[in-house]
Amino acid sequence: MQVNLSTLPNGLRVITVERPQTETVSLGLWVNTGSAYEPEAMNGVSHFVEHMVFKGTKKRNTAQIWEDIENVGGSTNAYTSREFTVFYAKMLKNDIELAIDVLADLVMAPTFDATEMAKEKEVVIQEIKQTNDDPSDIVFDYFQETAFANQALGRSILGPAEKVRKFDSTTLRTYMAHNYAAENIVVAAVGNLDHQKFVQMVNERMASLQAKTSFTPDKQIYTGGMFAKQRDIEQAQVLLGFPGIAYGSEQYYHATILSTIFGGSMSSRLFQEIREKRGLVYSVYSFTNAHIESGLFGIYAGLDAEQIPCYLPVVAEEIKKISNDLVSDKEFNRVKVQLKASVLMALESSSSTAEVIARQQLIHKRNLPIAEIVERIDSVTKEDIRTMAQQIFGGKLTYTLLGNLNKYPSYDEMQKMIG
């Protein structure tokens, strides 16, 4: 896969992968900002900006933004995470200039109309309420807040309703002036396009973007701790967490392989032992949340509250096993094949490829060749997995429970159980 990179005079990176055999182009703007880069008083502003830019620009009202894309059969959307805000589209190959014109317009010239803002606040507040009403959703916010207490990385992406209600155009413009700059934005496109022509299209629309950001992000410090909340629901939600691995770490694939073996698939240890053999849960899995400066390793289960005293000792026993014994050749080789296959399969999709190359630029400041990724996966040893398990599970516990809770181990009991 040939990745083409050009950097505009203001520092904006434009990257493409040309696929002349296709009829479409996937493209977008990846911004290295999100809730982890917000002052506490502005918690939720990244997500609100993502909504509000679609409510009108100097060239287009909100209806025109959507119609310009959909009238030619294209699609567009956006999302906000803790460290990234992304605006993307997929179009037929002849409509790429229209797509970049709309996307650049969103970032370069939003109007933040007061009437539209008042309406959109109510929309976002409804989104907040919907998240709060969904136990399997809100428990992850509680989990993140407990793992990274009293810092931006631990706060909600949506923000609290009371803060959203206070946002005005000055808040949004101040935030964008500090956080939206060429040095932390990548424009990526994959499909039937010409790289140099696309670079020129971007330059014509974004050359005036400020070069540098002017915010100081919080340090990302894992704290751990316990959060338990009573709620009258059918299933309890239980999360265990440990300090994880950052995106750029040399041990990134150590943690990924560990998680996949431990609870990342239907053939994983947790799924087989807890669901298939014991029938204690419907859903159980482990995961890694990598951040730019830190990480979080998690284990999730949704189960009847009365099963918690049976479930947690089994998890603790599985943690001890993978921390003390080498994994088998069978599961080790299977997971390596799974990971390499997932990397290659993702690159078959133009949208996924655009996501991959944009994130690589923002995280690593370069694009990683496929051969290098495969080599990194292949270089991990079974001893590396045991060492990684000892490192992660030896860290301070994050223990989060939500539901109709009765009997469950205390924090100290759970930490001791894990060993």
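Helix axes here are lines fitted to C-alpha atoms over the stretch in contact, and angles run from 0 to 180 degrees between N-to-C directions. All the views below come from a predicted model.

**View 1. Helices α9 and α11 cross at roughly 135 degrees.** Here we look at α9 (residues 252-263) and α11 (residues 308-324), whose axes come within 11 Å. Roughly parallel would need an angle under 35 degrees, roughly perpendicular 65 to 115 and roughly antiparallel over 145, and whatever is left counts as oblique. That is why α9 and α11 are called oblique to each other. As for handedness, α9 goes past α11 in a right-handed crossing.

**View 2. Side by side: the residues where α9 meets α11.** From α9 come Leu258, Ile261 and Phe262, and facing them from α11 are Val315, Glu318, Ile319 and Ile322. Sort the residues of this contact by type and you get 6 nonpolar, 1 charged and no polar.

**View 3. An open sheet of 5 strands with mixed pairing.** Read across the sheet, the strands go β7-β11-β8-β10-β9. The edges belong to β7 (225-230) and β9 (283-290); each has a single partner strand, so one side of each is left without a neighbour in the sheet. Going from one strand to the next, the twist averages 10 degrees.

**View 4. Zooming in on the β8 and β10 pair.** Strand β8 (residues 236-243) and strand β10 (residues 295-303) run antiparallel, with 8 bridges joining them. To get your bearings, find Leu239 and look over to β10, where its bridge partner is Tyr300.

**View 5. Helix α10 lies across β9 and β10.** This helix takes in residues 269-277 and runs at about 155 degrees to β9.

**View 6. Phe112, a non-glycine residue with positive phi.** The phi of Phe112 is near 50 degrees. You'll find Phe112 in the loop between α3 (96-108) and α4 (114-133). Is Phe112 buried or exposed? With a relative accessible area of 4%, Phe112 is buried, because the cut-off for buried is under 20%.

**View 7. Asn150, which has a positive phi although it is not a glycine.** Its phi is about 60 degrees. Asn150 sits in the loop between α5 (135-147) and α6 (161-164). The relative accessible area of Asn150 is 81%, and anything over 50% counts as exposed, so Asn150 is exposed.

How values were computed. Residues are numbered from 1 along each chain as its sequence is written. This is a predicted model: local features need pLDDT of at least 70, side-chain atom pairs count only at pLDDT 80 or more; totals for chains, interfaces and linings use all residues. Side-chain values use heavy atoms; hydrogens and water are left out. Helices (H or I, at least four residues) and strands (E, at least two) are DSSP runs, numbered from the N terminus. Buried means under 20% relative accessible area, exposed over 50%, partly exposed in between (1.4 Å probe, protein chains only). Two strands pair if DSSP finds at least two bridges between them. Contact means heavy atoms within 4.5 Å. A crossing is left-handed if the near helix is turned anticlockwise from the far one by less than a right angle, and right-handed if clockwise. Ala, Val, Leu, Ile, Met, Phe, Trp, Tyr, Cys and Pro count as nonpolar, Asp, Glu, Lys and Arg as charged, and the others, Gly among them, as polar.
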